[in-house]
Each structure stands twice: as structure tokens, then as C-alpha cells.
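Here's a quick tour of a protein chain for anyone just starting out with structures. Have a look at the sequence and the model, then read on.

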Amino acid sequence: DKNLAENSDTLAHTDEPPMPDPNLNDDTDGEQPPPPPSEHEENQQKEEKKEETVENTESVDADDADVVESSPPSLEKVSEEIDQFLVGLYEKEAASVSFDIPDYVGKFLDLLEENLGKCDTGEGKAKWEEILEKDTWLLEAVNRISKLKKILTRHDENETVEDKNEKRDSTRNRIGVIQQKAMSFLEEDFRVLMEDSRMPMELSSDGQNIDSKGKQGASEEVESDHQLEESETNFPGYTDEAIACMSKIACEMLTGGYESECCQVYIVARRTAFEEIQQKLGLERISIDDMVQKVQWEILARDMIPAWTNTIRKCTTVYFPGERKLAEAVFSSNQSVAAGLFGSLSRGVVIPLLNFAEGAAMTKRAGEKLFKLLDMYETLRDVIPKLDGLFPEESSEELKTEITLAKTRLGEAAIAIFCDLENSIKSETVKNPVPGGAVHPLTRYIMNYLIIAGDYKETLEQVFRDHSKIECVDSSSRLDDNENHVVIEEASSPFSAQVMRVMDLLDASLDGKAKLYRDIALSNFFMMNNGRYILQKIKSSSEMSQVVGNTWCRKKSSDLRNYHKTYQRETWNKLLNCLSQEGLNVNGKVQKAVLKERFKSFSTLFDEIHRTQSLWVVKDEQLQSELRVSISAVVIPAYRAFFGRFSQNLDSGRQAEKYIKYQPEDIETYIDDLFDGKPPQSNARRKT
């Protein structure tokens, strides 16, 4: 009792609960209670309880972890069961055997709905890099859903009323709803990949476009060209990984019956890409009406037509081949869809370009437009052969027809403009002669035009051969007089014949303008001057030399010699008549009065010729030199001989100077003043 009292006092001063009274326990059968544990034993018991608690906690955490990790394996496991079920369905379907829907199909749909719900709660649009990581499970799930729906739908179509199963119908409807939601996610992912994973085209080193006036530094232009070439090399700009992912999405969407949605996303994204390309190349979309009525030709010729030409060539050599490769890669599971999309997209790009060409052909006719239209014609002509290897046969033939039609419009417009050269000549009705017998502006315009046309000789020959609706050369209206018209044997093509028609009209026009001069010498000088200009222009172009032929060149050279002879006869032969010795000697004596008159007449006439013909104009330095040399060769020897023989018959001094105004060497100096188009210097200044 004493010990019990001591233990009670000890427990009263501790935090441990009191020991139970052994007298209150009926099961002790009067046994004595065990002695209280020592302090060491109490600590050991506490450690054991702590370890037991930790073990229990770890056990619970492990169980919870198993539950957390069980979701993905559960979806994976159920997916395996679905695959086995699908295999069985194919066998039953082949044997026309009815079947029931197992419970794990519902579990699969539950798990799929749960995962789709998590996708639906995502914030904002996913980045394309994230799509590449997350779409694997979604693609596999959609594949199973599509197969389930396809088999169930086909089975229900073949089953009888007695075979109808409410659970099967409900499952099929649920599958359709889940599939639609899953496809909407795939469609959005497909759109993001198409739009965001493509590398954009850049045109300048700082990422800025060329300014509105097209100004850019030389170094920036080099960098711009380099970047453009690099972007063309990398076209369409998707990584292999992105294309592979797009291909998988497209395959599942097509298999699941969502071909229309998939193709719509693809075509919109690629059309946007091509609009960006055309903008970077400087081509603006413009209607035919605006081209014809609003846009100035200078803007079309300087900016828009070169951009159009470049776009057409780039499309056929770079962009269309790259686009076809992309379509075949993305829709590798269905090449017919790929071909259809590529054809539709290409046609959507080509038709506006062809409309641009037709609009250019419909603009008001003007001579300066010919060569830009021919550039466009050549571009379309060169494109047509490349279509065969680029498009399927049916699409290729359709595009060829469209391109050929536009090319024909350009060709017909080119012919009309070229034939309008006739009207340019006929409408030149100026009645005032060109001062100084110079080359007429009409001559310069026509010949420069023909020389440029010579650079397009092969194209113009093709245009006239293929697209000429009327015969531009009306043989009945051509001159029959062989003196005024040369029969052109070399005009072996419609284009050559038309060129010769223009040359004939120009000659006739110049002949009429030459008659405006009252001075016969100046009239022939004018024809010689213009004829020489024409012949030199023709000879400077190998193409136009071939067009007009050797016969025409020989005839033109002969005409020039005749004009020169007439000019020399009307001018310098009259001067030489003053140096005639006829009548100077009478009975062996020189008649001084006649001699004085001869020297005086020569000086007076030479003064008049020098004053007049110094104002005449010969811009061709070679012709100018040739004329001066030929005149000197005729006049100076004759004057030197006359001067040397008869000048001593006049008394020296003031009497001789009164009649003999020029020394032989003075004549050569004054001849060198001729044909400069400038007033002559006075004799006084010369002698000073």
C-alpha cells in the first residue's frame, strides 16, 4: 500500500495518463499489475510508436500514389482493350454477327471526355511547339473513336429491326459527340501549325519592308536579295517535324470524315501565304476595270508589270513546285486530296495573274506599251511548257487553256500597236520643213522604235504568225513604181512584211516633206541626211538587218548616192562653173575683165554657200566628215589650179584683194564650218 501511494504521487506530477486501477479490471483474476516502466523504457516505446506512425504514413502515401498514377495506365489499358474489341468487331462484321458493347467502351469514353475537358480549360491558343508534344495521345484516341464510329455506323445500317440495341445506339451517338469535340481540337491544332510554324519571308536586314518610294541602300538591297533567295530556298518554310505532325492530323481528320474542315484550314492558310509572297514581290491585286480606267500606265510599266513578270516566273520555278511537295507531304495518306488542293490553290493564284495580263492588254493603245506587253507575252509563253511536269494532266490542260487565252489577248494587242505605226506616219502632217535639212523627228521615232522591236524579233514573228487576225500588208495599196518602191523579196514572214510596209510609208512621208524645201540642194540634202540615219540604224541591228534584207540595204545605199550627187550638182558644181576657163583667153591673151568677174562670182557664191550651209545640220559625225571631205576633194583642187594659173594676171595690191577674196587654204578652213548648224564666223575675225 505504501508503494502504491508513492506511485500515485509520482504519476500526479507527470504528463503521462494514470495507469488503470487493477482492481477495476475483472480479467486480472487478482494478479498484481506490472511495475511502471523506467525512463529508458518509456523513450524506447516512444521511438517505436514514432517509427510505426512513419511506416503507416508511407504506406498511405504509397497507396495514394498508386491511385494518382493509375489514370494514364488506365487509359492506356482501356485503349488496349478497345483495340482488341475493334479486331473482334471486324471479324464479327465480316461474319455478319451481332454484338454487344462491353463496359470498358464506356470507361474509354469517360476517360477521353475527361482529358478533352482538360484541354478545353486551357488558357489561350496553344503554341505550335506545344502541339508537337501533346497531340500524340489525342491522335491515337481520335483514331480509335473514328474506327468505333465507322464500324458501329456500318453495322447499324445493315442490322434488322430485331437486332436493334438501345445501348449500342446510345454509345454510337455519344461517340459522335466526343469525336466532333476531339476533331475541333485537331482542327485548331492544324490551323496553328499551318499559320504559326511557317518561317516568314523577310526582305531587309532590319525586318522592315522597302519604303513606299522603293528607296534602300545598296548594302541593304544586297542583304535583302540574299534573304529573299534564302526564303525561296526554304519555301514553304515548315520544319520536317511540323510537316509530320500536320500529316498525322490530316490523316485522322480525313479518316474520321472531316476532310472538308481540314482542307478548308489548309487552303485558307496557304492562300494567305501566297498573298504574302505576292506582296513581298511588289505585286498588288488590282481589278481589270481599275487597270483600264484608273491606274496610270507609267505606274504599270515601272512597278506593276515587272513585279507581275517576276511573280509568274517565281511561281512556276519555286513556289508551285514547293507547294506541290508540301501538299503531298501533309496529305500523304490521300494523294488525290493533295492533288486537288494543290490544283485549287494554284488556280486561285494563277487566275488573278492572268486577269492582270488581260487588263494590260485592254488598256488604251499607245506605241510605248508594245514592249511591256511583249515582256508579258514572253513570260506566259515560257510558262506553258513547264506546266506538264508540275500539274496533273487534267489541271495542266485547263491552265494551259487559260494561259493561252491571256497570251492571245496580249499578242493581238501587240499586233494592233505595232500596226499603228502606219497611222503614226500617216498622221504626221506638219507643213513646215525641218530647219537645216536635219533628221526629222518622225524618222528618229520610227527607227528607234524599230530597233527596239528588233530585240523582240523572234517574239514578234511568233506573235504575227500566231495571232494576226488580218493581213496588215495590203499589197494593192503599195506603190508599183519601181523608182519609189522596192519589191521586198526578203519579207518572208508577216512581221517582216509589216516592217517593210512601215519603211515604205516612212520613205514616202519623207519624200513629201523634202518637197517643202524650195532649194533643190537642201531637199536632196534632207533626203540624204534622213536616209543615212535610217540605213545606219538598220545596220546597227543584226535583227532588223535580217528583217529588211540585203536587197533593201543595197537599194537604200543607191538612193543615198543619188541624193548626194544631186546635192553636189545643185551646190558645188555651180560654184565650179565660176572657175571655167571658157572665154578667158582671146587670141592668146587673158581677158582681165572676165577673170575679175570669175574671181568675184566665185567669192560671192562661196560666201552664200558658206553662210547658208553652215546652218544646215548633220548630227552624224561620220556623214558630216564624209561630206566635208568629198566637197574639199572637188572644190579645193579646182580652185587651187585656177588660182595658180590666173591670179598673177591681176595687179597686186588692193586691186587683187578686191577680186581675189580667198586663198586656196582658206577654202578648206571654211568648208570645215559646214553642217554644224551654227552661224558662220565673219571673214574679218577669221583673217585676224
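This is a predicted model: local features need pLDDT of at least 70, side-chain atom pairs count only at pLDDT 80 or more; totals for chains, interfaces and linings use all residues.

Let's start where two helices touch: Phe525, Met528, Asn529, Arg532 and Gln536 in H18 meet Gln622, Leu623, Glu626 and Leu627 in H21.

**How H18 and H21 pack**
- H18 covers residues 520-540 and H21 covers residues 621-646, and their axes sit 11 Å apart.
- The packing angle between H18 and H21 is about 135°.
- Angles of 65 to 115 degrees count as roughly perpendicular and those over 145 as roughly antiparallel, so H18 and H21 come out as oblique to each other.
- As for handedness, H18 makes a right-handed crossing as it passes H21.

**The chain as a whole**
- If you count up the secondary structure, you get 24 helices and two strands.
- The chain has 688 residues, and 43% of them are buried.
- Take the contacts between residues at least 6 apart in sequence: 81% of these join residues at least 24 apart.

**Cysteines**
- How many disulfides does the structure hold? The count is zero.
- In case the word is new to you, a disulfide is a covalent bond between the sulfur atoms of two cysteines.
- Cys419 has a relative accessibility of 15%, and the cut-off for buried is under 20%, so Cys419 counts as buried.
- Cys553 is buried too, because its relative accessible area is 13%.

**Phe675, a residue with a positive phi**
- You'll find Phe675 in the loop between helix H23 (664-671) and helix H24 (683-687).
- Its phi is near 70°, which is positive even though Phe675 isn't a glycine.
- For background, most residues other than glycine have a negative phi.
- Is Phe675 buried or exposed? Phe675 counts as buried because its relative accessibility is 1%.

**Pro392, in another loop**
- Pro392 is in the loop between helix H13 (370-383) and helix H14 (393-426).
- Which residue has its C-alpha atom 7.6 Å from that of Pro392? That's Ala339, which lies 53 residues away from Pro392 along the chain.

Key. Residues are numbered from 1 along each chain as its sequence is written. Side-chain values use heavy atoms; hydrogens and water are left out. Axes are lines fitted to C-alpha atoms, for helices over the stretch in contact, and angles run from 0 to 180 degrees between N-to-C directions. Helices (H or I, at least four residues) and strands (E, at least two) are DSSP runs, numbered from the N terminus. Angles under 35 degrees count as roughly parallel, over 145 as roughly antiparallel, 65 to 115 as roughly perpendicular and the rest as oblique. A crossing is left-handed if the near helix is turned anticlockwise from the far one by less than a right angle, and right-handed if clockwise. Contact means heavy atoms within 4.5 Å. A disulfide is a pair of cysteine sulfur atoms within 2.5 Å. Buried means under 20% relative accessible area, exposed over 50%, partly exposed in between (1.4 Å probe, protein chains only).
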